[in-house]
Amino acid sequence: MTAPTDSTATADSTGTGTAPTAEPAERPFGLGSSPLRTDALPKALGIYPYAADLWAEGLLWGAVLRSPHPHARIVSIDTSAALTVPGVHAVLTAADLPAPTVPSDRPVLAAEVVRHQGEPVAAVAADHPDTARLAAAAIVVEYQLLDALTDPEQAFHGPALHPDGNLLRHLPLRTGDPEAVGEVVVEGLYQVGRQDPAPIGAEAGLAVPRPDGGVELHLSSTDPHGDRERTAACLGLETDRVRLVVTGVPGATADREDRSFQATLALLALRTGRPVKMTLTREESFQGHAARHPALLRYRHHADAQGKLVKVEAQILLDGGAYADVSAEVLAAATAFSVGPYVCPNVFVDAWAVRTNNPPAGRMRGEGTLQSCFATESQLDLLAARLGLDPLEIRRRNVLATGDALPTGQAITCPAPVAALLDAVAEVPLPALPLDAPDTEWLLPGGPGGAGDPAAVRRGIGYAVGMAHMLGAEGTDEVSTATVRVSGDHATVICAAVDAGQGFATLARQIVQSVLGVTEVYVAPVDSDQSIAGPSARGRHTWVSGGAVEKAALMVRHQLLAPIAADFGMSVELLSIAEGKITSYDGVLGMPVTEALEGKELWATAQCRPHPTEPLDEAGQGDAFVSIAFCAMRAVVDVDIELGAVRVVDVTVAQDVGRALNPGQIEDRIEAGVAQGVGLALLEDLRSTGGLLANPSFTGYRLPTALDTPEVRIATLLEERDVVATFGAKAVSAAPAVVAPAAVAAAVRAATNLPIGRLPILPEDAVVVLPV
């Protein structure tokens, strides 16, 4: 079997490892620098190995038969025709599955009822991918069609779609005086569509049976231990009989392969006794993985005559699709941050997540907070217009600061420099207007070949500020483990933290370089035999896994320095490591680290576990979050008010980063978050009618291109360290994605003077009917 675990290739902890290659002495070194990502060159050259590139001797190919219906009862399944196809080695249905060791509300293969289009019903293994798909198509399933429940508002009173009912969670939030009334009241109804993570690399994997009756999975997993446990439960196996090896992750702003994909692949390998590979088509990918929760939000804001918030009332409804997955935790974020980064003494919110027969919803960058941010920021713009205030000013009068409390009662103990972020954005000069540079060729809304009239173009400026929580919430046990081993002139980091694009492998190298002064640092490939590090989500690995790497490196540092300090009759604290040299406080000692390490092999293992959180109670109160990151943004758009075409000209960002561990990488993550936010604001919507997907392809599902993505200017990376976070740093990827849609909507609202109440913004939403 050929798997992407060759340590001679330069890659990262997406599963391939980073090789200790010689580099120029002047290259960026340690924390605070911006070294090139270890996987940048292989990816640019197209030689980076992904799961779809895997191969094994005696390989079979898997294919899945999926339901064409959003809701139906399975009357019968006839696999006889599939079994007669030459080259077919196995056909599986739910009847062939072992009893799961842990109950789950999502089946691996549907047994009696299908609850969404694309739900897996049967699986095939054959000696060629075309043969596998042909055999899957030959399976005859008789369905009794059932009414599809696709309107989440009907889920409360419609027929139960699942034995557990349609209500996934109801979370009320109550604080303050319910009778409080403001002098000014504005109301709004807001909708957020179904944004898909749309990874360029579709789901793929390889399963290899083991001699002990277990199975080894090679997948682009972002949570190897969690996926191993879920897969083992589905297979009815002990956890230690399932090994998961992480291969190159082709982009992941959400969860990757679901348990159905993993368990089906493993079962085919166990049934045939041969390696089985499966690669999904783009349509299958859209049907199978989870997208962002569509949301319906009703808001009423009360303010006094000066614009200070008096009360916020809201109803939030999330469409969780057919299965529970992570809807409860997404709802918690949407509810807790339903007022945004503002102080309000009286807050009354009811939030629900419900089942429907729509495509599955799950974890995606900024989950829950993005939906609330769009509604809250839109309400602030309404209040500003009603009061005749500048949009920036009304925000300044209400912003949170360190020491204030969320509506959940949790005190903000981390830095909350929201006012400073707004000021930084406001100070950056606006981009030039066409009249200011008449000789410049201007890109109008609609692209270079746009048919619009330049006279119909209006410019709009919009502001938004938002927040995103870091790490798990409501009592999640956050922990990560890392081992640092030093031998000679190089170090090795062993940590099961998957680099899903956030750059953890590069950060791990920088941490060890800074602590130990070692230039060459190798990050080992990730597999589930290593100690647990948890999922790649919510900025966890910078804090938890980075903290574990730092602690292990500090332990190795002590092992290295202790005998040297003893020889010189001083304590370890009087020695320092910088620029590859060990020096004493008095300058007497000056020894290269490589000399001190000669002939030695040192190692240490450490864990990092942040302070615990607690679930929100029946009134939505509790210390549910570890920490919060903040972001302010200004968007400038040009709108063709006759065609409704929108072009985002410029986005200026001020980000609360705690400490900039890798400034270049932070700017990359901010630009990526803005691009994703612009996509939701104007383009991305996985549409469905009656539960049937209308655009499950990259032809129909529109992603922002280079022409759609604006210039992104960084006003400031505000460094106010969080004293309880690893290195004082905060996660940076989610907050820009949360804020960008609200900022773009505000700018379109300013350009058109129209009530922009849904995402994405359609052309008809931005057309201004001018008087004749």
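View 1. The model is predicted: local features need pLDDT of at least 70, side-chain atom pairs count only at pLDDT 80 or more, and totals for chains, interfaces and linings use all residues. Residues are numbered from 1 along each chain as its sequence is written, and side-chain values use heavy atoms, with hydrogens and water left out. Asp 623 has a relative accessible area of 41% and is therefore partly exposed (buried, under 20%; exposed, over 50%; partly exposed, in between; 1.4 Å probe, protein chains only). Together with Glu 614, Asp 617 and Glu 618, Asp 623 forms a patch of negative charge on the surface (residues with over 30% relative accessible area and no salt bridge, like charges joined within 9 Å).

**View 2. The salt bridge between Arg 298 and Glu 153**. The closest N and O atoms of the pair are 2.9 Å apart; a salt bridge requires a side-chain nitrogen of Lys or Arg within 4 Å of a carboxyl oxygen of Asp or Glu. Arg 298 belongs to strand β13 (residues 295-303), whereas Glu 153 sits in the loop between β6 (140-145) and β7 (167-175), 145 residues apart. Arg 298 is partly exposed at 35% relative accessibility, as is Glu 153 at 32%.

**View 3. The salt bridge between Arg 355 and Asp 164**. The N to O distance is 4.0 Å. Arg 355 is buried, with a relative accessible area of 3%, whereas Asp 164 is exposed at 55%.

Methods: Patch = residues over 30% accessible without salt bridge, like charges linked within 9 Å, V, L, I, M, F, W, Y side chains within 5 Å. Areas by Shrake-Rupley, 256 points an atom, 1.4 Å probe, with all protein chains shown as cover. Lys, Arg positive; Asp, Glu negative; His and termini not counted. Charge placed at Lys NZ, Arg CZ, Asp CG, Glu CD. Helix = DSSP H or I, 4+ residues; strand = E, 2+ residues; numbered from the N terminus.
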